[in-house]
Amino acid sequence: MLWHGNRSCNSGWIYPSEGEGMGIRKPVIGIPVNVLVEKSGAFPGLERAFVNQDYLKSVQRAGGMPVALAIATEGEDLLAQLSFLDGLLFQGGADLSPLSYGEEPGRGLEDVYPDMDDHQIALARVAWELGLPMLGICRGMQVLNVAFGGTLHQDLGGLPGDILQHVQKSQRHAISHTVDLEEGGRLNQLFGRTTLGTNSFHHQAVKDLAPGFRVNARARDGVIEGFERIDHSFVLGVQWHPEAMVEKHPPMLGLFRELVDACQPERVKTA
Ligand code: MN
């Protein structure tokens, strides 16, 4: 018996009673960590690895089991991570190094963490070989695009023409701009509509689309807000932050449900 008489936590409810829940296996969704270097406070320069709480909660609410993946630079460690995963979620975060897609840094580029880029790009490529479902959010979508041969706008603010505000000043859950969903695309099917209100917290975006992908969502200024694989395997990217919207806009949880549901049933055995 695993929880031998241990009822000492505050509520007690978290501990299953004997036999209950044993053998439950939920789809395991790996979320590669982001790096945060403390700039002030008691430990300037301290490097932390993190996953934003909203992603963990959203995956749990969608029926999956999220696990944070440490940055791995050895192929062996990468394969070890993939060996126990059923799917991957690439979270939002810092800019990708433009060297990862063959460009030099422009003046609008912000902090980059090349080790983090390398880990996530390699994970995406190998996961693709293994057929694992993948959802990329914001930076995560950009990681998928670069991993499969696409490029990025380094700074939307530096582009000519009428570019909308894509780094909103309002609260994270607040709808900021309209997104048009391509008819017949995965997002159109999921939300059952052709326009969607989303939040927006990005100054980069997909420039040249990776081969094998198609755009399924755009903002009114033409900025790519969503894409998917054309071969129907589950590789989906969105440029907005659904994890920050699920509380106030419950349909956004559907994106996480799609990811969890796409995990192959034969790999996920529920007792
Ligand atoms: Mn946007």
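Setting aside neighbours within four places in sequence, Gly184 touches Gln189 and Arg214, a contact being heavy atoms within 4.5 Å. Gly184 sits in the loop between E8 and helix H5 (186-191); helices (H or I, at least four residues) and strands (E, at least two) are DSSP runs, numbered from the N terminus. With 39% relative accessibility, Gly184 counts as partly exposed, on a scale where buried means under 20% relative accessible area, exposed over 50% and partly exposed in between (1.4 Å probe, protein chains only). Between the C-alpha atoms of Gly184 and Thr194, which are 10 residues apart along the chain, the separation is 9.5 Å.

A word on the model. It is a predicted one, with local features needing pLDDT of at least 70 and side-chain atom pairs counting only at pLDDT 80 or more, while totals for chains, interfaces and linings use all residues. Residues are numbered from 1 along each chain as its sequence is written, and side-chain values use heavy atoms, with hydrogens and water left out.

Overall, the protein has six helices and 13 strands. Of its 271 residues, 46% count as buried. Among contacts with a separation of 6 or more, 68% come from residues 24 or more positions apart.

Now for the metal. The manganese ion has as its protein donors His166 (ND1), His177 (NE2), Ser200 (OG), His202 (NE2) and Glu225 (OE), lying 2.2 to 2.3 Å from it. Donors here are N, O and S atoms within 2.8 Å of the metal (3.2 Å for Na, K and Ca); water is not among the atoms, so sites may look incomplete. Along the chain, the donor spacing reads H-x10-H-x22-S-x1-H-x22-E. His166 is in the loop between strand E7 (152-153) and strand E8 (177-181), and His202 in the loop between strand E9 (195-198) and strand E10 (205-206), so this pair ties together parts 36 residues apart in sequence. His166 counts as buried, at 4% relative accessibility, and His202 is buried at 4% too.

Over in helix H2 (residues 75-82), the buried residues are Leu78, Gln81 and Leu82. Seen down the H2 axis, they fall within an arc of 95 degrees, so they line one face of the helix; the arc is taken from the directions from the helix axis to the C-beta atoms. They pack against strand E4 (65-69), strand E5 (87-90) and helix H3 (114-130). The contact between H2 and H3 involves residues of H2 including Leu79.
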